[in-house]
Amino acid sequence: IDVIANDVTTRGSCAATDADGSCIDDAYPSVVVPPSDDEISAGGGGVFGGDGGEEDEEEDEDEEEDEEDEGEEAWEKNPSVSIHRQNPACADKDEKCASYASSGACASNPGYMTHNCASTCGTCDMVIHAATVAKFAVDADKDVVARPCTDGEYECVEWAGMGECENNPRYMKESCRLSCMVCHEGTNIFGIGQRIGSEATRSLIEKSIEYMQTVWTDDKFLSVRDNCRNLHEDCTFWASTGECEKNPLYMQLKCAPACFSCDKMDIRNRCPIEPGNEVIWNAGDLNTLMERIVDDADGSGDYKRYNPTALSRPKLKRDGSPAPGVEKDGPWVVVLENFVTAEEADRIVELGKIQGYERSADVGQVKPDGSHGSHVSESRTSHNTWCKEGCFDDPTVAPVVDRIANTTGTQVENAEYLQLLQYEPGQYYRQHHDYIEHHKRLPCGVRILTLFIYLNDVEEGGGTRFPLLDITVQPKKGNAVLWPSVKDEAPEDKDGRTGHEALPVLKGVKYGANAWIHNRDYKKAYKNNCQ
Ligand SMILES: O=C(O)CCC(=O)C(=O)O
Ligand SMILES: [Fe+2]
């Protein structure tokens with residue numbers, strides 16, 4: 001995340017006025033504040049991972065690795081390292097250490113291996129040293145650290161508040177070292193060395209060092225230990241001014257040592273399912289909905305306009321009577337005709353183009369902190385974009401989003417933002433299932449339904465195929481196909497029968513939109529980076 005350079009905030013009371021009568025802040029130097037939670041959510045794509053947030057995530061990883069390297073160099077040069085190979089802190093903490101190490105992980109993945117496979121990788125001394133004498137870690141800028149971090153003049157704070165550190169740097173950065181925040185404390189062992197912005201910053205640095213010693217030695221922090229870092233040089237200064245509470249989404253993750261919030265880096269600790277966030281489907285609700293849609297079970301006639309057809313359905317109805325003409329028992333796969341108008345379809349495609357389609361990614365492997373990465377794979381060669389700000393509330397899209405919720409008897413909050421897809425000739429999405437297992441213990445709940453909308457007619461190929469049911473739905477502009485990811489009798493559990501694939505487009509281009517509906521409040525979970 002880039003801080004917003006022109007978002008300059010002054011704090012404190014108005015003790016003096018400038019020539020133009022405006023207030024000069026005398027309490028703190030002028031600083032750039034971290035982005036607010038709103039700015040983070042508005043950034044689109046989730047900052048810490050999840051759908052669409054992959055790039056940010058990778059940047060962070062790079063940053064972490066750089067820091068790791070610096071740290072290791074420091075250890076090598078420090079002659080006072082004592083070696084205690086028998087110390088329990090040195091035991092391997094992962095039974096696969098030997099196998100990871102044999103594929104070169106000690107060098108290629110030091111962030112995890114150094115601490116968790118200390119015995120195998122021979123990094124005991126680093127672990128012990130980190131735990132006991134971290135505060136003497138050598139700062140990258142030794143010269144700066146060695147000199148006292150003080151203000152030479154009484155007026156330094158005031159001048160800094162007026163922007164003099166930037167306007168008159170030669171004088172200010174020598175004579176007002178504290179107020180211009182030019183000094184860094186040697187804290188790069190857990191992230192970026194911290195600028196000292198005030199006495200409060202300094203004392204908070206002392207406390208974070210103590211806290212991090214606990215993090216490194218107490219096994220309850222095992223899953224987050226190697227990711228818990230200050231990713232900005234002003235983390236501690238911000239924390240000292242209350243930003244951990246005011247701006248928790250950014251601070252608790254990106255400045256976790258300063259906020260004492262390393263535990264929050266584990267999605268399982270950060271994202272509990274809170275009371276009130278109940279599942280919307282209980283046993284029987286799926287069949288009830290589908291019988292209303294397909295059989296007009298409630299007699300309302302609400303769905304007639306879509307001329308619903310079940311390409312597959314359970315053999316028996318809820319009341320135990322056989323569904324007429326159904327020979328093969330199966331999960332629901334229902335086509336809704338003209339679910340969106342041609343104008344709506346065109347507008348959604350246009351919005352996708354305005355935003356720009358990018359190469360699609362799959363859900364990746366679980367990371368030590370319990371979250372999941374994403375990866376571009378050969379099983380999915382389509383391009384996609386997410387219909388969020390500027391698209392979600394577009395006057396043409398908003399009624400479609402409402403229609404999806406009304407049709408499925410759910411709330412807009414239960415649905416992910418529409419995922420807009422584009423397949424060019426030869427592009428496809430191989431057989432997969434939309435159900436995502438790890439959502440079960442997260443506040444978004446599992447995906448219960450997919451409503452896939454075809455946004456254009458495809459010249460050839462591009463059908464949606466359900467191989468286990470031997471069904472292929474051919475794209476038709478405006479039509480939608482609706483299927484569950486879960487079982488009627490257990491709506492948190494996957495129904496493997498609705499595995500499907502997008503067949504390669506042979507001629508023309510295919511545009512579509514995925515609406516994935518969750519069993520709990522997806523939008524809130526998304527806002528909190530809990531999906
Ligand atoms: O493009 C299609 O027909 C289906 C796409 C799909 O299954 C998905 O994106 O999960
Ligand atoms: Fe799918």
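Ala, Val, Leu, Ile, Met, Phe, Trp, Tyr, Cys and Pro count as nonpolar, Asp, Glu, Lys and Arg as charged, and the others, Gly among them, as polar. With that in hand, let us look at the shell around ligand 1, whose residues divide into six nonpolar, four polar and three charged. This is a predicted model, where local features need pLDDT of at least 70 and side-chain atom pairs count only at pLDDT 80 or more, while totals for chains, interfaces and linings use all residues. Residues are numbered from 1 along each chain as its sequence is written, chains are lettered from A and ligands numbered from 1 in the order in which they are written, and side-chain values use heavy atoms, leaving out hydrogens and water.

Around ligand 1 there are 13 residues, and Y423, T464, H500, K510 and N514 come nearest (near means a heavy atom within 4 Å). Look for the polar contacts, which are pairs of N or O atoms within 3.5 Å. A polar side-chain atom of T464 is 2.5 Å from an oxygen atom of ligand 1. For Y423, a side-chain N or O atom lies 2.6 Å from a ligand oxygen, and for H500 that distance is 2.9 Å. The protein buries 100% of the 300 Å² that ligand 1 exposes when taken alone (Shrake-Rupley areas, 1.4 Å probe).

Now for the strands (DSSP runs of E, at least two residues, numbered from the N terminus). β22 (510-518) is one of those supplying at least two residues of the shell, and β22 gives the most, with three.

β22 also belongs to an open sheet of eight strands, ordered β7-β8-β19-β15-β22-β13-β12-β9 with antiparallel pairing (two strands pair if DSSP finds at least two bridges between them). Its edge strands, β7 and β9, each pair on one side only. Further in, five bridges join β12 to β13, and W386 has Q419 of β13 as its bridge partner.

Technical notes. Polar contact = N/O pair within 3.5 Å; in protein donor to acceptor, adjacent residues only side chain to side chain. Helix = DSSP H or I, 4+ residues; strand = E, 2+ residues; numbered from the N terminus.
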